[in-house]
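Okay, thanks for coming, everyone. I'd like to walk you through one structure today, a piece at a time.

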Amino acid sequence: MSKTIRLFVILAIATTLVAANDERPGWLGAAMAQHRVSSDSTRVDWLTVRGIEAGGPAALGGLKMQDVIVAIDGKTIDFANLAESLRTFDSFRAGKPVKFTVARGTARITVTVIPARMTDAQYESWKFNRAQAKHQIEAEAAMKKP
Amino acid sequence: MILAPVFLAAVVSIQTAPFACNGELIAGDVRARLSDAGGATITVPDDAEIEIVLDSADCWAAPLVAREGGASTMRVWRRREIGGPLSLPRGSRSEVVLRGEISANGLPPTRVTCSASPNAWRCVLPQIPLDLKVSAEDFVPVYFWDLQPGERNRGLTLERGGSVSGWVGADGAPLDGVRVQLTPAAVAKANERDALRVQTRLASNRGFFQFTGVAAGEYTLTATKRGRATGETSLSVAANRESLIDALDLPPLSAVDLRVSPALDPSGQAWQVFLHKRELLDRSVRPVAQGVVSVDGAWKKDGLDRGPYLLSVRDASGAIFFERELSIDQPVLVLNADVAVIPIRGTVRAGDTPLEAELRFEAEAGLVTLRSNEQGEFSGSVPKDGHWNVTVTRIAQGQSTHLQNVAIRKRDDGTALVDLTLPSTYLEGKVVDERGQSVADGMVYVMRKGRLVAHASLDSGGTFDVLGVEPGELVLFARTTSGDSAEVKRELSEGTGALLTLIVSKGTTIKGRVRDAAGNGIAGAIVRSIAAAGRAIEIVSGPDGQFSFNLGSGSETADVILVAAGFPVKMTTISMQQPDVVLQPAYGRLHVAMGGAPPWPSVRRGARGFPLFSLFRPRHDSLDPYEIADDGFTIDVEPGAYAICLGGRCQDAIVRPGAIARIDTRAKKVKEQ
């Protein structure tokens, strides 16, 4: 029987927007924790909102602290690992709406967030977070090895 | 007695060329027809200035204020009208009184005639490019920019509510591309709904911005543009009124020019400078610059926003020797930092045994790290005398002992002698798992009355030793990758020690569900608990309200706090047999008045006790708790009996549904309303 210890990995999932020659992801203004199905699995089955920047796109779109995100753009969250979840968030682009299916209390609602353009400071912070995440991804890969 | 008014003549000439202008001049009840030459003489009362307006089907002129006997010139343009459909909010009365105001090159802001019928509006304007502002009582003003002479038709939609409008610029000229943010003052300490009321606009190329649908209250307006200082002002917005901001100035960025004396740190290396910006809303700081002072003691940083900063000068090891709050509001702030340096030397021992250790001195004045040699001797510098907390870390053993209030006294020669003598106590032992296997990866913590007094890393064999803890009753526990141990109490006296074995366990996992009375799972509920050995737990329930966490070794139950949106905070106990929690919507309020400094109170419900802050709802980054009140905190809680404890004294309060129970931890009485 697999153990279902919940392991949260706080990610500063800042997302991006992109101008013509800009590789920056769109910025959401929200921090999310990943929920893993068990302590010995890298699979992620939902996200919880653990930080909202006042006035940021997530706040303006109506995302709230403690929201449990179960789907993004209609696709149920089932990330195989951290790398896959980061790819999803890095695909967000400024000005392109993202629909989050949210479990909030006893309700299920859809929240649309329009990512904003990352400022230089946010972009630097995002790069720093990604560098840190890289170590975790490597650790996850090592976990899979026999 | 009736005084007959005295009428004198005012002569008004009209600049109409190159077009003809028919009509009348009107001054109160007096009218005068324009002559073919475009002039008129009008007789006005002499007791005051009087406004003269032009009534013409083909010309427009701004109202003119004339004095008796004077000759004035009224500048006239061709007349045009603009108007179109009028939309009002549902339920509004159809009659609204419109006011118009125009501004254009060569024309000061001037009132124009506007009118409204149930479904249409119109304003009479000069036939020139202009800006038009249309307002009506209780509605948000509408701005029409760059209306061209040929434009005749525009829709007008009026919304109710307060609004904030204004301009951003620099040196009197408008700035475009400025990001303007309107933040309720309450965001810093109110609730999430307020945070969502933060609005952002991009100022137009005229530097204009407008926020509509603004609720009455206090706000902060912030304007930012790259390469410019941030403009900021606070304002009040009244219900259904426009708040007009004259102009937010965004001057070029500022600079700090720092001179440090002496030019080098006590070890002869360059000083480091750290500059942090202090946020206005919550007084938190964020780093903005870091650099090294030149050999002649100079450091400069430009490109700075104006506002409050925190600047610190540190030695090469990172010890803070100078710290200053700055307010930068000029192009260049010149600052001289005269760094105080007190050379210190001394020894560190445990009983008679010298210790080779890292010594970390901490105080408000700074943070200094020194090293002692095999003889326990050390030397270095601190920025200030007084009392310091010192952590003595034996590097080789990975063990630290924390000393409080170590006195550093400056002698006549300007130096200080510091001898650190730790008690000759010891704690030794090993950490094993439930099968008796050594556990290598972890720490052992030694606590006294909830305060950490020492800690030690486990070596590869799972053993540890702790030196120099003050005699008295102690609590030890181990925290490892294999789990936590139970807490173990020991009494130590001077010159004695203890040998012990700590057993860690994976513990048991409890799986439960947060739900409402109808059985629906509640997603996003925060579950907080304190497991064995003081390990704090915070998890969030999943989409169907499910949660699970490790209870630690030897535990079958857990005291938990449930914090869910839309429900009051609940304190309860769950067990392996009854792991589910039912939340009820009925709530009361618990108000705890308290002092502004530690110790902080705890909240008890039955046998369960948690720090007061454990009951707080999550907040937006960097913001004060939603529960904050003038003299403490107010928390929505499940009705019932509570006790607030501080310093060993508890006060009881019954929280009834819909009522507020007040407890003042500075007094003994409990009030209930």
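Let's start with a pair of strands in chain B: strand 31 and strand 32, residues 353–354, run antiparallel and are joined by 2 bridges. Before I go on, keep in mind that this is a predicted model. In that pair, Ala350(B) sits opposite Thr353(B) of strand 32 of chain B. The two strands form a hairpin with 2 residues between them, and there Gly351(B) takes a positive phi near 65 degrees.

Stay with strand 31 of chain B, which covers residues 342–350. Which of its residues are on the covered face? They're Ile342(B), Ile344(B), Gly346(B), Val348(B) and Ala350(B), while Pro343(B), Arg345(B), Thr347(B) and Arg349(B) make up the uncovered face.

Strand 31 of chain B has other pairings too. With strand 35 of chain B, residues 377–382, the pairing is antiparallel, over 6 bridges, and Ile342(B) stands opposite Val382(B) there. With strand 38 of chain B, residues 416–422, it's parallel, over 7 bridges. In that one, Ile344(B) has Ala416(B) as its bridge partner.

Next, strand 39 of chain B, residues 426–432, where the side chains alternate. Strand 39 of chain B pairs in the antiparallel sense with strand 42 of chain B, residues 463–467, over 5 bridges, and Glu428(B) has Asp465(B) as its bridge partner in strand 42. It also runs parallel to strand 46 of chain B, residues 497–505, with 7 bridges joining them, and Leu427(B) stands opposite Ala498(B) there.

Strand 59 of chain B, residues 640–646, pairs with strand 60 of chain B over 7 antiparallel bridges, and Ala641(B) has Ile654(B) as its bridge partner.

Stepping back, chain B has 1 helix and 62 strands in its secondary structure, and 35% of its 673 residues are buried.

Over to chain A, with 3 helices and 7 strands. Along the sequence they go β-β-β-α-β-β-α-β-β-α. Of its 146 residues, 45% count as buried.

Look at helix 2 of chain A, residues 82–90: its buried residues are Leu82(A), Ser85(A), Leu86(A) and Phe89(A). Down the helix axis, those buried residues fall within an arc of 100 degrees, so they line one face of helix 2 of chain A. Here's the general idea: an α-helix has 3.6 residues a turn, so residues three or four places apart point the same way.

Last stop, the nonpolar cores. Of the 90 residues in the largest one, Ile69(A), Val168(B), Ala525(B) and Leu562(B) touch the most other members. Leaving out residues up to four places away in sequence, Ile69(A) touches Met32(A), Trp46(A), Leu47(A), Val49(A), Ile77(A), Phe100(A) and Val102(A). There's also a second, separate core of 58 residues, which includes Val273(B), Ala350(B), Ala478(B) and Leu502(B).

Technical notes
Residues are numbered from 1 along each chain as its sequence is written. Chains are lettered from A and ligands numbered from 1 in the order in which they are written. This is a predicted model: local features need pLDDT of at least 70, side-chain atom pairs count only at pLDDT 80 or more; totals for chains, interfaces and linings use all residues. A residue is buried if 20 or more other C-beta atoms lie within 10 Å of its own, exposed if 12 or fewer, and partly exposed in between; C-beta atoms are placed from the backbone. Helices (H or I, at least four residues) and strands (E, at least two) are DSSP runs, numbered from the N terminus. The arc is that of the directions from the helix axis to the C-beta atoms. Two strands pair if DSSP finds at least two bridges between them. A nonpolar core is a set of buried Ala, Val, Leu, Ile, Met, Phe, Trp, Tyr and Cys residues joined through C-beta atoms within 7 Å. Two residues are in contact if their C-beta atoms, placed from the backbone, lie within 7 Å.
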